[in-house]
Amino acid sequence: MKKNRLSRNIFFLGILSLATVNSYAQKAKTVFHDAAKFHLYGKAFDTPQPYHRVDTAKYSDLPATVKNLLTHTAGLAVMFRTNSKSISAKWCTTEKKPTNNMTLIAQKGLDLYIKKDGKWQYAGVGRPDGTCNEFTLVKAMDNSEKECMLFLPLYDELKSLEIGVDEGSNIISIENPFRKRIAIYGSSIVHGASAGRSGMAYPAILSRNTGLYFMNLGISGNAKMEKAAAKMVSDIAADAFVLDCVPNPSPEQIKERAEFFIKTVRAKHPKAPIILVQSIVREQGNFDLEVKERVKKQNEEITAAFNRLKTAGMKDIYLITSEKLLGDDHDATTDGTHPNDLGFYRMAEQLGPQITKILSQYNIK
């Protein structure tokens, strides 16, 4: 009896050891590849540091805070194809602490989409738990070829990124699948606060919904239309420009700066459509009358600037008003200011048709 029990114990220990070895071997079969060798969607400029949005050394007059924010990878995504059954990542960001109105996944994490039935579909996230991380984004897939789009952190600088696939599977860069080039210069809302994950910022949703190439120049709290920023935006090789920056400058700054900013872009791009977007309604303003009045004046000033430019003869300029951008149930923000995922979805649903209708007049479709 004791001999049988001993034999059973040895047998189960053997099975357990074999399972442990197999589990270890399975994990060990992931092969990592430097993501810098793949196509990077969303870039407005070539930069010495691959994951920076702008080479800020070239624009020395930009405020220091703006330069720092432009090192964030908001709107950027790595494009690749693989037949791997699992996709993992290793990545390092800075030691920047989380903000109090964003998820850690949105701020420092990764967001994977895979094309299915011709549409980009959410597939998994990379959850960060430190400065450097390793995480399996998706596993147990079939071994068919998959087009992948890996959105990078919204609110941090990416120091390094490696993409892991199963040993023996292939992984290659894919060509840019998006058409034309539309630059969006804007506030923290363009930047991506407060999406739950990076693929839910509204410029990213617009790209997936329309197939157009939207470049995210969101500069959280600091899209104030300075002359140096006007120079930077005007240098972008774009087919169209969307200026969704009204939430950041004061009404006085809008009055002083908006026309110069728009004229600077127009001088470099005589035929490109320029689309102005009013500030979304701040839910804080439902009860805070100071906030309500500030937003009202901001929108009045950008509308006045638009009307002055139109009266002076500027063509190919448009204004999108803000009434329906967040809906009317007051549930579309995280903190009364920044959209949540519902808010960003609604913004994309409202802005997409209006922007594409304008762009179609210029054969941008």
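Colleague: Is Asp 329 buried, exposed or partly exposed?
Modeller: Asp 329 is partly exposed, with a relative accessible area of 32%. Keep in mind that this is a predicted model.

Colleague: Which residue does Asp 329 form a salt bridge with?
Modeller: Arg 346. Their closest N and O atoms are 2.7 Å apart. The pair links distant parts of the chain, 17 residues apart. Asp 329 sits in the loop between β15 and α9, and Arg 346 is in helix α9.

Colleague: How many salt bridges are there in the whole structure?
Modeller: A search finds ten. One of them joins Lys 296 and Glu 300, at 2.9 Å from N to O.

Colleague: Where do Lys 296 and Glu 300 lie?
Modeller: Both are in helix α8, which covers residues 289–311. They are four residues apart, about one turn of the helix. Lys 296 is partly exposed at 44%, and Glu 300 is partly exposed at 41%.

Colleague: And what about Asp 142, what does that pair with?
Modeller: Asp 142 forms a salt bridge with Lys 146, with the closest N and O atoms 3.9 Å apart. Asp 142 is partly exposed, at 48%. Lys 146 has 6% relative accessibility. It counts as buried because that value is under 20%.

Colleague: Which residues are linked in a network of salt bridges?
Modeller: Lys 231, Asp 235 and Lys 268.

Colleague: New topic, strands. Which way do the side chains of β14 point?
Modeller: Ile 274 and Leu 276 point one way, Ile 275 and Val 277 the other. All are buried.

Colleague: Which strands does β14 pair with?
Modeller: β14 pairs with β13 in the parallel sense over three bridges. Ile 274 is the bridge partner of Phe 241 there. The chain crosses from β13 through helix α7 to β14, and this crossover is right-handed. β14 also pairs with β15, again parallel, over four bridges. Leu 276 has Leu 319 as its bridge partner in β15. Here the chain crosses through α8, and this β-α-β crossover is right-handed.

Colleague: Last one. Where does Thr 93 lie?
Modeller: In the loop between β4 and α3. Thr 93 counts as buried, at 3% relative accessibility.

Colleague: What is Thr 93 in contact with, leaving aside neighbours within four places in sequence?
Modeller: Its contacts include Lys 108, Gly 130, Thr 131 and Pro 153. Asp 156, Glu 157, Leu 158 and Lys 159 are also among them.

Methods: Residues are numbered from 1 along each chain as its sequence is written. This is a predicted model: local features need pLDDT of at least 70, side-chain atom pairs count only at pLDDT 80 or more; totals for chains, interfaces and linings use all residues. Side-chain values use heavy atoms; hydrogens and water are left out. A salt bridge is a side-chain nitrogen of Lys or Arg within 4 Å of a carboxyl oxygen of Asp or Glu. Buried means under 20% relative accessible area, exposed over 50%, partly exposed in between (1.4 Å probe, protein chains only). Helices (H or I, at least four residues) and strands (E, at least two) are DSSP runs, numbered from the N terminus. Contact means heavy atoms within 4.5 Å. Two strands pair if DSSP finds at least two bridges between them. A crossover is right-handed if, with the strands pointing away from the viewer, the path from the first strand over the helix to the second runs clockwise.
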